[in-house]
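Please look through the sequence and the structure shown here before reading the notes that follow, which take up a few topics in turn.

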Amino acid sequence: MTDKQVMFTGQATLPAIGQGTWYMGENAHCRGAEVAALRAGLDLGLRLIDTAEMYADGAAEEIVGEALLGRRDDAFLVSKVYPWNAGGQKAIAACEASLRRLKTDYLDLYLLHWTGNFSFAETVEAMERLIAQGKILRWGVSNLDYEDMQALWEVTGGQQCATNQVLYHLASRGIEFDLLPWCQQRQIPVMAYSPLAQAGRLRRDLLTNPVVSEIAHAHKASAAQILLAWVIRQPGVIAIPKAANVAHVEQNAAALNMTLSDEELMLLDSAFPAPAAKTPLDMA
């Protein structure tokens, strides 16, 4: 389908665009459309589906579980654990609850959602227990900045971390200063959540920005497709936009085959410059 792919540990090679589920499961009237969108994404080869016990208090995982009925082998399934559940028996119980909602017996990848109650050592130990029990195949983290990754790397077993999922889009480029190069050097995939920016003013500003719009027009594409193509221009980065309907999923998948020219990238850099110094990690 595309040469834009990302390699995870265990020889899992995935297209550089997956499917996010943040805000799914919050409206029962949307359930059918959300399930259909996820299934359409699988049909188009967008194998990675990312969810979390946090999303709609587990209802997003239930949406994913319904979408995967009879199709579990088609998906690379990712979920995330609350920081207050990320250690000891709490981690085991949280993972088992996610598996029940997802109607599966294993996760391809399980992430610490953000730092918090448990030490990295306690979280790593719990993740390795879950691997030994066959409940997860690999583990990673989310919302960890450069310094956090340094600390994780010093923990016994910390270098088994399979990914870091962080906010990254054209108007939020802080990870390019230190975190992204560090991960790329160690071949740790970065999962970019909110690659089209959050809903609200910033999202509208990006989608209607004159430079983005001009490039989209030249490619006969949508502004959202240009923003996705920009995110995945970086090696080792996989974008996980949410798409609540089939049409949006189809647009997302088509962005895999778009390549921005050097001139277009320079125009976007001028409109949204990369930081020249360390900036705090953006979270949403």
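## Briefing on the predicted model

Histidine 169 is found in the loop between strand 8 (164–167) and helix 6 (179–185), where helices (H or I, at least four residues) and strands (E, at least two) are DSSP runs numbered from the N terminus. This is a predicted model, in which local features need pLDDT of at least 70 and side-chain atom pairs count only at pLDDT 80 or more, while totals for chains, interfaces and linings use all residues. Residues are numbered from 1 along each chain as its sequence is written, and side-chain values use heavy atoms, with hydrogens and water left out.

**The surroundings of histidine 169**

- Histidine 169 counts as buried because its relative accessibility is 3%, and the terms used here are buried for under 20% relative accessible area, exposed for over 50% and partly exposed for values in between (1.4 Å probe, protein chains only).
- Leaving aside residues up to four places away in sequence, histidine 169 touches Ser194, Pro195, Ala197, Leu202, Leu206, Trp230 and Val231, where contact means heavy atoms within 4.5 Å.
- Trp230, one of the residues that histidine 169 touches, also has the charged end of arginine 233 over its ring, 3.8 Å from the ring centre.
- A charge sits over a ring if NZ of Lys or CZ of Arg is within 6 Å of the ring centre and within 35 degrees of the ring normal, and arginine 72 likewise lies over the face of tyrosine 106, at 4.0 Å from the ring centre.

**Aromatic pairs**

- Rings of Phe, Tyr and Trp (its six-membered ring) pair if their centres lie within 6.5 Å, and planes under 30 degrees apart count as stacked, over 60 as edge-to-face and the rest as tilted; by this rule the count comes to nine aromatic pairs.
- Tyrosine 82 and tryptophan 114 form an edge-to-face pair, with 6.2 Å from centre to centre and 90° between the planes.
- Tyrosine 82 lies in the loop between strand 5 (76–81) and helix 3 (88–102), and tryptophan 114 in the loop between strand 6 (109–112) and helix 4 (120–132), so this pair ties together parts that are 32 residues apart in sequence.
- Tyrosine 82 counts as buried at 16% relative accessibility, whereas tryptophan 114 is partly exposed, with a relative accessible area of 24%.
- Tryptophan 114 also forms an edge-to-face pair with tryptophan 84, at 5.9 Å centre to centre and 80° between the planes.
- Tryptophan 84 lies in the loop between strand 5 and helix 3 and tryptophan 114 in the loop between strand 6 and helix 4, so the parts tied together by this pair are 30 residues apart in sequence.
- Tryptophan 84 counts as partly exposed, at 38% relative accessibility.
- Elsewhere, ring pairs link Trp22, Tyr23, Tyr55 and Tyr193 into a cluster.

**Helix packing**

- Helix 8 (residues 210–218) and helix 9 (residues 223–231) pack at an angle of about 95°, with their axes 8 Å apart; axes are lines fitted to C-alpha atoms, for helices over the stretch in contact, and angles run from 0 to 180 degrees between N-to-C directions.
- This angle makes helix 8 roughly perpendicular to helix 9, given that angles under 35 degrees count as roughly parallel, over 145 as roughly antiparallel, 65 to 115 as roughly perpendicular and the rest as oblique.
- Val212, Ile215 and Ala216 of helix 8 make the contact with Ala223, Ile226 and Leu227 of helix 9.
- Helix 2 (residues 59–67) and helix 3 pack at an angle of about 45°, with their axes 7 Å apart, which makes helix 2 oblique to helix 3.
- Glu61, Glu62, Val64 and Gly65 of helix 2 make that contact with Ser98, Arg101 and Leu102 of helix 3.

**Positive phi angles in loops**

- Most residues other than glycine have a negative phi, and most peptide bonds are trans.
- Glutamine 11, although it is not a glycine, has a positive phi of about 60°, and glutamine 11 is found in the loop between strand 1 (5–8) and strand 2 (12–15), where it counts as exposed at 67% relative accessibility.
- Asparagine 143, which is also a residue other than glycine, has a positive phi near 60°; asparagine 143 lies in the loop between strand 7 (139–142) and helix 5 (146–154) and is buried, with a relative accessible area of 7%.
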